[in-house]
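Okay, thanks everyone for coming.

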Amino acid sequence: MAVSLDGTDEKAVNAMIPGSHRASRVVMVVTVLLSLLACGTFLEIGLRLLPVSEGFRALAVNDANPIYRYAPNRTAVWSKGWNFSITNRVRTNNLGFISEVDYDPKRATPLLAIVGDSYIEAAMVPSDQTAAALLRRDIGARGSVYSFGASGSALSQYLAYANYVKDVFRPEGLVVTVVGNDFDESLLRYKQVPGFHYFSQSGTPEMQLIRLDREIPLWRDYVAASSLAMYVVANLEVAGLLDRNLKRVKSWFNADLNPNTYVGNTVEHADPARIADSKTAVDAFLRQLPDRAGLSASNILLVVDAPRPELYEPVRRDAATRSYFGLMRAYLMDRAVEKGFEVVDMEREFLDDYSRAGRRFEHPDDHHWNSVGHEVFARAVRKSAVYESVFGGARQEVSAK
């Protein structure tokens with residue numbers, strides 16, 4: 001017990017001093033807050049010197065702007081992961097699509113349009129090494145190649161892009177890329193991200209394409225102004241981390257939802273209900289695509305990605321054919337050929353290149369095509385009948401609804 005020189009208990013004395021404990025707590029809280037502020041300021045300054053992702057600033061999607069795209073005429077840093085394992089500078093053009101060139105709705109030369117998701121957006125590939133850039137160099141003055149894509153798109157969004165491209169540009173040919181998570185994520189019951197289009201049956205026999213409007217969040221510009229905030233949101237992908245942990249918890253109660261087993265960037269398990277729903281989405285996509293694009297099926301090329309990295313090992317490649325992606329890609333290709341679309345199976349294209357050159361087609365820590373993947377994709381497009389018809393033959397168009 002602490003006792004003063006006159007024998008008085010110091011605790012008793014302090015207890016008699018009003019607000020002494022409250023004051024000490026206030027000092028402690030202020031000290032902690034100032035320490036956090038100092039750490040945050042230090043991190044903010046340090047991260048401003050590093051290639052933190054800056055974001056593309058997606059526009060609002062509504063009646064005035066019915067298609068998902070980005071703030072136009074802007075250059076931004078894109079980077080991957082906590083350690084910036086991939087870095088790139090990305091440009092949005094005059095219409096808000098990621099491209100090294102501006103798009104001219106009044107161009108005088110034939111146009112081949114390429115529609116897709118993040119593979120076509122290609123933020124992780126230098127602009128001059130993307131498939132669209134390679135094809136533009138090949139074509140030269142004979143025509144144009146414009147790409148339209150955004151991360152998160154699926155079959156349903158591809159229809160919306162095809163419709164937009166038809167209305168604005170009237171292309172002579174269309175290429176649509178299809179990847180592993182494009183099937184079920186086209187359905188509103190499986191995914192709902194504002195700004196994108198989805199299939200909804202809503203009690204009708206035919207799948208309806210509906211748009212989820214998107215407003216710009218009030219906090220977006222404040223977060224975008226901070227390198228520390230963008231590092232947490234974009235590089236650390238905190239939202240994705242929380243989602244993955246939630247799926248992991250769900251998998252403890254349902255073995256069929258194992259979040260660690262993926263093929264084609266989607267859950268491997270071929271659940272019968274998921275397969276049936278996905279086939280319905282594929283059928284609706286193939287039925288609607290010619291009218292949405294304003295083109296006959298023979299003027300539309302569907303390019304289907306391969307299961308990777310299973311591609312490189314025969315045993316794993318064989319097993320991948322029985323995965324959800326393996327079954328759905330086979331279904332889509334078979335149905336598309338029946339309906340008169342031209343189809344490219346990138347598994348064959350990749351295997352041919354891999355057997356000759358031994359090159360891999362994705363980044364070590366990212367599943368998207370790297371520059372080699374884009375090179376092989378561009379080569380496959382150049383060999384297609386659609387490519388030849390656009391830049392060497394007459395246009396075959398069907399009336400749009």
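Let me start with a question: is Leu236 buried, partly exposed or exposed? Keep in mind that what you see is a predicted model. Leu236 is partly exposed, because its relative accessible area is 37%, and the cut-off for buried is under 20% while exposed means over 50%. You'll find Leu236 in the loop between α7 (227-235) and α8 (238-251). Leaving out residues up to four places away in sequence, Leu236 touches Trp82 and Tyr231. And if you look for Asn83, it is 153 residues from Leu236 in sequence, yet the two C-alpha atoms are 9.3 Å apart.

Now the overall picture. The chain has 14 helices and 13 strands. It runs to 401 residues, and 46% of them count as buried. The accessible surface is about 19,900 Å², with 58% of that belonging to carbon and sulfur atoms. If you take the contacts between residues at least 6 apart in sequence, 69% of them join residues at least 24 apart.

On to the aromatics. The count is 24 aromatic pairs. One of them is Tyr103 with Phe169, an edge-to-face pair at 6.2 Å centre to centre, with 85 degrees between the planes. Why does this pair tie together separate parts of the chain? Tyr103 sits in the loop between β2 (86-92) and β3 (111-116), while Phe169 belongs to helix α5 (residues 155-169), so the pair bridges parts that are 66 residues apart in sequence. Both Tyr103 and Phe169 are buried. The two also belong to one aromatic cluster, together with Phe97, Tyr146, Phe148, Tyr161 and Tyr164.

For a stacked example, go to Phe350 and Phe361: 4.3 Å centre to centre, 20 degrees between the planes. Phe350 is in helix α12 (residues 346-357) and Phe361 is in the loop between α12 and β12 (362-363), 11 residues apart. Phe350 counts as buried because its relative accessibility is 0%, and Phe361 is buried at 0% too. Staying on α12, this helix also holds Ser355. Is Ser355 buried or exposed? Ser355 is exposed, with a relative accessible area of 59%. Its C-alpha is 9.6 Å from that of Tyr312, a residue 43 places away in sequence.

Which residues does Asp184 contact, beyond its neighbours within four places in sequence? That would be Tyr190, Arg274, Ser278 and Tyr324, so here we meet Arg274 and Tyr324 again. Asp184 itself is in the loop between β5 (173-178) and β6 (197-200), and it counts as buried because its relative accessibility is 7%.

Next, helix packing. Going back to α5, it packs against helix α9 (residues 272-293) at an angle of about 5 degrees, with the axes 9 Å apart. The two helices are therefore roughly parallel. On the α5 side the residues involved include Leu155, Tyr158, Leu159 and Ala162, and what they and the rest meet in α9 includes Val282, Phe285, Gln288 and Leu289.

Helix α4 (residues 131-139) has these buried residues: Ala131, Ala132, Ala133, Leu135, Arg136 and Ile139. The cover over them includes β3, β4 (144-149), α13 (371-382) and α14 (385-392).

Most residues other than glycine have a negative phi, and most peptide bonds are trans. Which residues go the other way here? Arg57 has a positive phi, near 60 degrees, and lies in the loop between α2 (20-47) and β1 (74-80). Phe84, in the loop between β1 and β2, has a positive phi near 55 degrees, and it counts as buried at 16% relative accessibility. Then there's the peptide bond from Arg308 to Pro309, which is cis, with omega near 10 degrees. Pro309 is in the loop between β10 (300-304) and α10 (314-320).

That's my tour, so over to you.

How values were computed:
Residues are numbered from 1 along each chain as its sequence is written. This is a predicted model: local features need pLDDT of at least 70, side-chain atom pairs count only at pLDDT 80 or more; totals for chains, interfaces and linings use all residues. Side-chain values use heavy atoms; hydrogens and water are left out. Rings of Phe, Tyr and Trp (its six-membered ring) pair if their centres lie within 6.5 Å; planes under 30 degrees apart count as stacked, over 60 as edge-to-face and the rest as tilted. Helices (H or I, at least four residues) and strands (E, at least two) are DSSP runs, numbered from the N terminus. Buried means under 20% relative accessible area, exposed over 50%, partly exposed in between (1.4 Å probe, protein chains only). Contact means heavy atoms within 4.5 Å. Accessible areas come from the Shrake-Rupley method with a 1.4 Å probe; for residues, only the protein chains shown count as cover. Axes are lines fitted to C-alpha atoms, for helices over the stretch in contact, and angles run from 0 to 180 degrees between N-to-C directions. Angles under 35 degrees count as roughly parallel, over 145 as roughly antiparallel, 65 to 115 as roughly perpendicular and the rest as oblique.
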